[in-house]
Amino acid sequence: MITPSNIEIRPGILKSIAGRATEAWEAAGSPIDGKQAPSYILIIDEINRGDISRIFGELITIIEEDKRLGQRCGITVTLPYSKDQFGLPPNLYIIGTMNTADRSIALIDIALRRRFEFKEFMPDYVELKKQTGTLEYDIDLSEMLETMNNRIEFLYDRDHTLGHSYFLKVKDLKGLIEVFRDKIMPLLQEYFFDDWSKIDKVLGMQSELDPRNSILVEKRLDIKKLFPGKNDSEFDNDKRLYQVNLPSFEDLSKLSDKDKEK
């Protein structure tokens, strides 16, 4: 392989952190399990979306526990450009994150699957309760999220439940409205392909409540005005149309204390 002379070869993220981890491991006496040495962690976010062959290349082999430096089957590889010998110490841990709702998870390379342990992290209602407590109007975010997720699991599946991280920074009603408008509602639309009847069920049949206090309201259209001269029997009179009814921040700030009590 010919490398142009004007290209500077520099260590990447993996090689850099592996170098520091190796130095710490050797300074600790090169323990076989690596636990007596300082731990180094490399996090690869949404690892299932990356091109694994480009991320790891020939290094995929040395990720395995028994292929690490100092292990029974420990090996090193020759890097293609620098020609340096390279191995991974046992005190370097690689964490890859992924969302199980992402359809691309089914395409994860089998070579990657068998080199990682998979640990599931479901919504943590206890942690959400601990960090947020109860908001104004006696809104219990933990109870609300758990109820919505039970409905989503029933209507869709457990892999599409909402994570508690959406609500961790919510401190008041304004923040809650922002989360629903900008994150929760678009996500539910994607989950149910704009099937508003199911979205309405997830929200607790909001359209049947007082429209002034509902996230979703049913929108009625006059068929005779839309299609003058047409017979009503040609259309589905039972079709339900919905629209989001979240107040703007400006409208919310204008509410008087008396209105809020209502």
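This is a short tour of the aromatic ring pairs around Tyr156.

Before you start, note that the model is predicted: local features need pLDDT of at least 70, side-chain atom pairs count only at pLDDT 80 or more, and totals for chains, interfaces and linings use all residues. Residues are numbered from 1 along each chain as its sequence is written, and side-chain values use heavy atoms, with hydrogens and water left out.

A search of the whole structure finds 3 aromatic pairs. Rings of Phe, Tyr and Trp (its six-membered ring) pair if their centres lie within 6.5 Å; planes under 30 degrees apart are stacked, over 60 edge-to-face, and the rest tilted.

Select Tyr156 and Tyr191. Their ring centres are 6.0 Å apart and their planes stand at 80°, so this pair is edge-to-face. Tyr156 lies in the loop between helix H5 (141-155) and helix H6 (173-191), and Tyr191 in helix H6, so the pair ties together parts 35 residues apart in sequence. Helices here are DSSP runs (H or I, at least four residues), numbered from the N terminus.

Phe192 sits in the loop between H6 and helix H7 (196-202), 36 residues from Tyr156.

Finally, colour by accessibility: buried means under 20% relative accessible area, exposed over 50%, partly exposed in between (1.4 Å probe, protein chains only). Tyr156 is partly exposed at 29%, while Tyr191 is buried at 10% and Phe192 is buried at 7%.

Technical notes:
Helices (H or I, at least four residues) and strands (E, at least two) are DSSP runs, numbered from the N terminus.
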